[in-house]
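Here are a few friendly notes to read alongside the coordinates.

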Amino acid sequence: MDTTLPVPSRPVPKKQASGVLVIDDEPGIRNLLSQELAAQGYQVETAADGQEAIQKIDRRKFQVALCDLNMPHVGGLEVLDAIRSRDSDLEVIMMTGYGTVETAVTAMKKGAYDFVQKPFNMDEILALVEKSLEKSEFRRVIQELKETKKRLEETHIQLIQSEKLAGIGQLAAGVAHELNNPLSGVMGFAQLLLEDDKLMPQQRKDLETIYEQSKRCRTIIQNLLQFSRRENPKNEPVQLLALLQASMELVKYDLSTSGIDLVQKLPPSLPLIFGDPHQLQQVFMNLITNARQAMEGRQKSQLLIEAKQEGDKVFVCFRDNGPGIAPEIRGKIFDPFFTTKPTGKGTGLGLSICYGIVKQHRGHLCFESEVGVGTTFAVELPVYE
Amino acid sequence: MAAKVLIADDDADNRAIAQEALSASGYQVIMAANGEEALEKCIQERPDVLLLDMSMPKLNGWQVAKRVRQTSSLAHTPIVAFTAHALAGDDIRAKEAGCDDYLVKPCLPREVVAKVARWATP
C-alpha cells in the first residue's frame with residue numbers, strides 16, 4: 001500500500017515568491033508602496049481602481065493585497081467582497097484615509113486581515129505584510145495537515161479492509177477445502193444414480209435437484225478458493241485495451257437486451273499491465289454485470305466505460321446511472337457474502353473477488369456513489385515498465 | 001485386455017465414485033487408500049494410468065509421483081493428479097512433481113472418465 005505522506009514544511013514565508021497587489025487610486029501612494037515592497041523582495045503589482053484590481057486577481061495568484069478603502073466607482077469594501085468570493089487564501093490589508101474606524105471594523109468583519117490608517121508609517125505596513133504572509137503560510141500548513149490526516153484515515157480504513165478480507169479468505173479457503181471431498185461424494189453419486197434407466201420420474205427429478213444444487217455449492221466453493229488465492233496464477237504482460245474490448249464484446253448483447261446504452265471512451269492505445277488476463281477480465285465482467293443488474297428495469301440506462309493513463313497508472317472506470325449504493329451499506333460491499341441481490345441470485349462474492357484480484361495486481365478498486373444518480377467503480381492498475 | 005487404472009485416494013466415497021464410473025466405461029480398476037499402498041500397487045500391478053490424490057496420509061501424492069518417476073519401470077506411467085486444493089500454482093507444481101495431467105475436486109464421474117480416456121482407452 002502507498003503510505004508516503006507529505007510532510008508539511010515549516011511555515012516560513014518566502015518574500016521572493018510572494019505576490020503583493022497594491023490597490024489605490026492615488027498614484028503617489030501606489031508608487032511609494034510598490035518601491036518599498038519591491039525593495040523588500042516582494043513581487044509587486046498595482047491597480048488604480050477596484051475593477052483593475054479584480055481583473056489582476058483573476059489573472060494571477062497574490063498572497064497579500066493592500067487595498068484603499070475610499071476609491072471612486074468600486075470601493076474598497078466591494079473589492080474585499082470580490083476577493084473573498086474568489087480566493088479565500090488572499091490576505092487583505094485595508095488602508096483608510098481619515099479616521100473612518102467604523103468602516104475599517106466592517107472590513108475586518110468581512111474578512112480583512114487588518115487595517116492601517118493614513119498617513120502611515122512604512123515600517124508598520126511592512127510588518128503587517130510580513131505577518132499576514134505568516135498567517136497565510138500557517139493556513140497552508142494546516143490545510144496540508146488536514147489532507148494528510150484524511151489520507152491517513154483512508155489508508156487505515158483500507159488496511160482494516162484488506163486485513164479483514166485476508167482473514168476471511170484464509171478461513172474460507174480452509175472451509176472450502178474441507179467441503180470439497182464430501183461434495184465430491186454428493187455430486188458423484190447423484191450423477192452415477194442418474195445413469196440408471198429404471199428410475200421413477202419423481203426419483204429422477206429429486207436426484208436432478210440434488211445434482212443441480214450440489215453443482216451450485218461447487219461454484220461457491222470455487223469462488224471462495226479463487227477469492228483467497230494468494231499467488232498469481234499467471235504473470236505476464238497484458239494488453240489492457242484488447243482485454244477491455246474483448247470483455248465488452250461479451251456483454252454487448254446482454255446490455256442491449258437489458259435496454260442499456262453502452263458508451264465507450266477508450267484511448268487508441270493503453271500501456272501494458274503485468275498480471276493475469278483471465279483474472280482481470282473477470283474483474284471487468286463482474287463490474288459490468290453488477291452495473292447491468294443495478295440498472296435493470298430503469299429508463300435511459302447508460303453504462304460508461306472509460307480508460308485512461310495517468311503517469312505510471314492506468315484507470316478503468318465503470319460509470320452507471322443506476323439507483324446508487326445506499327450510504328449505510330457502502331462499508332460492506334467488498335465483504336464476502338454481502339449481497340443486495342435476492343437469495344439464490346448472487347453469492348455475494350463478486351466484489352470480494354474483484355477486490356482480491358486487483359490487490360494482487362498491486363492496484364486499487366474503489367467506488368463513488370450517489371443515491372439516485374449512479375455509481376462509478378474505478379480500477380487502478382500500475383503500468384508495466 | 002482392458003486398460004488398468006489405479007485409483008489412489010484416501011476418501012472412500014471418491015474411490016467408489018471413480019471406480020463405478022471407470023468400471024462402467026470398461027476399465028479395469030484397482031484401488032489404494034494411501035500413498036504407500038499406491039506405490040506398492042504401482043510396482044506390482046503396472047497400471048496404464050495412475051489417478052493420484054495429492055493429499056493422502058503416509059505418503060502424499062507429491063511424494064508418490066516423485067517416486068514413481070524415479071522407478072525406471074514406471075517412469076512412463078501417465079499420472080493424473082487429483083486434488084481438492086484447486087489453488088493457484090497447483091497445476092504447475094503437479095507438472096513439476098512429474099504428473100502428466102490435473103483434475104480438480106470436486107469433479108464428476110464423467111469428468112474422471114474423460115480425463116483418464118485421454119491417457120488410455122478402455
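1. Let's begin with a helix pair in chain A of this predicted model. Helix H7 (residues 240–257) of chain A and helix H8 (residues 277–295) of chain A have axes that come within 10 Å and cross at roughly 35°. The crossing of H7(A) past H8(A) is right-handed. On the H7(A) side, the residues making the contact include Leu240(A), Leu243(A), Leu244(A), Ser247(A) and Asp254(A). H8(A) contributes, among others, Pro277(A), Phe284(A), Met285(A) and Arg292(A).

2. Over in chain B, helix H1 (residues 12–24) has 13 residues, and its first and last C-alpha atoms are 18 Å apart, close to the 18 Å expected at 1.5 Å a residue. Its buried residues are Asn14(B), Arg15(B), Ile17(B), Ala18(B), Ala21(B) and Leu22(B). They lie on the same side of H1(B) because they cover an arc of only 165° around the axis.

3. Do look at both ends of H1(B). At its start, a side-chain oxygen of Asp11(B) comes to within 3.1 Å of the backbone nitrogen of Asp13(B). Gly26(B), which follows the helix, has a positive phi, near 100°.

4. Which residues of helix H3 (residues 61–70) of chain B are buried? They are Gly61(B), Trp62(B), Val64(B), Ala65(B) and Val68(B). Their arc around the axis is only 165°, so they sit on the same side of H3(B). These buried residues pack against helices H2 (35–45) and H4 (90–96) and strands E3 (49–53) and E4 (79–83) of chain B.

Notes. Residues are numbered from 1 along each chain as its sequence is written. Chains are lettered from A and ligands numbered from 1 in the order in which they are written. This is a predicted model: local features need pLDDT of at least 70, side-chain atom pairs count only at pLDDT 80 or more; totals for chains, interfaces and linings use all residues. Side-chain values use heavy atoms; hydrogens and water are left out. Helices (H or I, at least four residues) and strands (E, at least two) are DSSP runs, numbered from the N terminus. The expected span of a helix is 1.5 Å times one less than its number of residues. Buried means under 20% relative accessible area, exposed over 50%, partly exposed in between (1.4 Å probe, protein chains only). The arc is that of the directions from the helix axis to the C-beta atoms. A polar contact is a pair of N or O atoms within 3.5 Å; within protein, one must be able to donate a hydrogen and the other to accept it, and residues adjacent in sequence count only if both atoms are side-chain atoms. Axes are lines fitted to C-alpha atoms, for helices over the stretch in contact, and angles run from 0 to 180 degrees between N-to-C directions. A crossing is left-handed if the near helix is turned anticlockwise from the far one by less than a right angle, and right-handed if clockwise. Contact means heavy atoms within 4.5 Å.
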